[in-house]
Each structure stands twice: as C-alpha cells, then as structure tokens.
Amino acid sequence: MAAACATYTPSELDTKRFWDIEASRQKTKVEIPYGFPAKLESSLAWKGEDIDVENEQAEWKLDLTDEEISAIDAALKTFEGKNHELSALSASTFELPSEFSQRLRSLSDQLYEGVGFQIIHGLDPTKYNSKQQMIVYAGVSAHICPQRGTVDVKGTGVLAHIVNVQAGNKLKATAPAFSNIPLSFHTDNCEIMAFFYLDTAIEGGETMLSSIWQTYNELAATRPEVLHTLTEPWVLDTFKPLDLQPPRHCRLLQQTGCPKIPVLFRFSRYPITGWQRQRNAALSIPTTAQHETADAIQFIAMKNAITLPVAKGDMLFVNDLALFHARTGFKDDDIPMKRHLVKMYFRDPEQGWDIPEEMENEWRTSYKKEEGMEEVWNVLYKAGIEELSMLNG
C-alpha cells in the first residue's frame, strides 16, 4: 500500500511519488483485456497541449451575439406569457429563430464527435430572477440536446445546486462536491452534463477537463494491468441510507459493442476512499490494486488536463462518457452560495451512443420518464437537498 495514496485528495508528494515510480517501471508483459481496443482513435482522445484554451475563436466556445441574447430574452417572455409549467420546457416551447436554433443544435456534434465539451458565453444571470434563470438554462439546452435527464437518486429532480454547504457551517459532513476542496477527476452518471455558472468563487474553483479516452490509451500502452482491474467487480459506497441509494456493485470499464463508443469508462475516487464520511465498514476494503488504479487515473488525467476559461453566466456542456471533470479548491470567504453552479443532465438520442445492458437501469432512472412521474424543479437551493444528489466527486 506504500506506493498508493488512500486519501481522497492526493498531495504534491503523492503526485511526485507516482511519477517517480512510473519513470522506473519496467515494461509489462501483461496484455490488455481480451476484446478491448489497443487504442481509441478519436478527436475525443486529446491531451491538454492539443487544446488552446486562450483561443477566442475555438469551435468549442460560442460567444452569443446581442441579437441572440435578445432572442433568448424574447423566448423567455413568450414562455412565461403562455404560463407553461417548467416541465414543458423544450425546443418547441422555448422558441428561438430558426438560424439560431440550428446553430445551437449543431453544438451536439462538438459534444459527441469533436473535443467533447462546449462553452456558451455572454449571458448575464443577474438580469433574471431564479425561475427565469432556469427557464433560460433549460430552454437553451433543449436546442442542443433535446432529452433532459434527472440528477437525483429518486429520478425526479432535474436541477442540482453545486454550492459550498460548509460555508458558515464547518462541522457539516458532506460529499466533496458540496465543499470548497479540490475535486479529483471523475465522471457523473449521465451522457451530457451541463453547468450554469450563476456565480464564481472569489478565488479558485476552476473547472478542469481531461479526456477519458486519452487516459485509456495511456493505460493500454503502459499500464494494461490497470485496465484489468477496472474490468473486475468493484464495490462503491454511496454514503447514503440503504433505502435511498445502496452501495453499487459494478465494473468501471466495459465494452459496449457500439462503434461510436467502444468502451464505457466510469470512475470516481470518492466512493473508494471516502472523505469526511468514511466507507461503510461492512463493505469489502478496496484492494491495493484498486487504490493503485485510482492513483493512475487521477495522475494521468491531471497530466493531460485543461483548465476552462469559464466566467459568471457561462453554460458548459460536457460529454460525460468521454471526459473526466475536476475542480480546483476555492476561497469564498465563508460566504454561503458565493460559488453557485446549477447542474443538469441531457442526451441527444440522434447521436446513437449505446450503453451496456447492465447500465440500462441507471440510464432508465435518469432519462426514461415513467408515466405519471412528475419532474421536480428545485429552482432555489434548499438546505439538505444535496443529500439526494447522485454520488459526486
């Protein structure tokens, strides 16, 4: 265990130790798992050096024009004027000019066939009230990816407020996402994850992305034994009551049989190491190989990561099946709700990305609205609502 970090947030010393070991590691004779690709060839497999985050003209950044912002405001006014319920939000009820709608719709290709992320810049969230902010957010998003998912364990809530719940309450235990500590690289349980940046931190809190597919390629080339570990069963704690969300038993790396997404690679360090909440003692203890796998993913993802140039009012869309995301630690001067992101899940069925059969129940919970089941729109953050969120961090 001496070679692996068993805590949620690795230190600089842990990072140095990992790369020192890698530098002296002998080439392995282990083959990659049977049937898995030796390399994923795709624009989704990128290194940080491939992405120029300072490029104002990048395809992954859409700067809204004054006319487009006016069109969004007009669509908001029309939607409110018809007294629609929030659950009625769609591309047809949030009416945008055809050319603008088509421009937004084309962004789906960037998410599935480009670099896997998209920033929309130019909105001022302070000119809308809380409900209007969510109408604009979900309305614009519907023109990009038409299918909306749910973000909570009950399969009803469509909004998750990512805030530091410990601001002013230092003793409250929670998941890392709802604090101000750095978040390790991880995936959510969705297809397209979106953030609306209602406000940013006083210092820090930057969003980072790293290619899952590039991480896979480097592991396949240098650490195939890690891929073997990922294909084996893992026990992931949820740190929730059993009747709300029991521990998950799953394989973190699977074949899909879908040419567009040959492998499904899901990962989060938190259910393995715990943080303020420790793993359930009744669960099996993570093995040395699992801790070493968690380190390999974290440090390789960090090596290839980019820090996004997002600002207050931006919307970010991320292909959660192709990219890991993380966050730097931040300062908010103990001001509750200072850094405030709202998360939503989406997908574009027309892109034709399939998932393994054993993931179907999770996808059905998030994306298949059962007859008679109503969406819950928590427009405002309510204390404790984060406990219903899917596992974060």
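**Exercise 1. Relative orientation of α6 and α9**

Task: Are α6 and α9 oblique or parallel to each other in this predicted model?

Solution. 
- Step 1. Helices α6 and α9 are oblique to each other, and the remaining steps show where this comes from.
- Step 2. Helix α6 covers residues 212-222 and helix α9 covers residues 288-303; their axes come within 10 Å and cross at roughly 120°.
- Step 3. An angle of 65 to 115 degrees would count as roughly perpendicular and one over 145 as roughly antiparallel. The crossing at roughly 120° therefore belongs to the oblique class.
- Step 4. The crossing of the two helices is right-handed.
- Step 5. On the α6 side, Thr215, Glu218 and Leu219 make the contact, and on the α9 side Ala296, Ile300, Ala301 and Lys303 do. By class, these residues are 4 nonpolar, 1 polar and 2 charged.

**Exercise 2. Surroundings of α6**

Task: How many residues of α6 are buried, and against which elements do they pack?

Solution. 
- Step 1. Of the 11 residues in α6, 9 are buried, and the helix is mostly covered.
- Step 2. The buried residues are Ile212, Trp213, Gln214, Thr215, Tyr216, Asn217, Glu218, Leu219 and Ala220.
- Step 3. Their packing partners include α9, α7 (224-231) and the strands β8 (207-211), β11 (253-258), β12 (261-265) and β15 (323-327).
- Step 4. The largest nonpolar core has 118 residues, and Phe265 is listed with Ile72, Phe117 and Ile120 as touching the most other members.

**Exercise 3. Glutamate 374**

Task: Where is glutamate 374 found, and what separates its C-alpha atom from that of alanine 326?

Solution. 
- Step 1. Glutamate 374 lies in the segment after α10 (360-367).
- Step 2. With 64% relative accessibility, glutamate 374 counts as exposed.
- Step 3. Alanine 326 is 48 residues away along the chain, and the two C-alpha atoms are separated by 31 Å.

Definitions and conventions
Residues are numbered from 1 along each chain as its sequence is written. This is a predicted model: local features need pLDDT of at least 70, side-chain atom pairs count only at pLDDT 80 or more; totals for chains, interfaces and linings use all residues. Side-chain values use heavy atoms; hydrogens and water are left out. Axes are lines fitted to C-alpha atoms, for helices over the stretch in contact, and angles run from 0 to 180 degrees between N-to-C directions. Helices (H or I, at least four residues) and strands (E, at least two) are DSSP runs, numbered from the N terminus. Angles under 35 degrees count as roughly parallel, over 145 as roughly antiparallel, 65 to 115 as roughly perpendicular and the rest as oblique. A crossing is left-handed if the near helix is turned anticlockwise from the far one by less than a right angle, and right-handed if clockwise. Contact means heavy atoms within 4.5 Å. Ala, Val, Leu, Ile, Met, Phe, Trp, Tyr, Cys and Pro count as nonpolar, Asp, Glu, Lys and Arg as charged, and the others, Gly among them, as polar. Buried means under 20% relative accessible area, exposed over 50%, partly exposed in between (1.4 Å probe, protein chains only). A nonpolar core is a set of buried Ala, Val, Leu, Ile, Met, Phe, Trp, Tyr and Cys residues joined through side-chain atoms within 4.5 Å.
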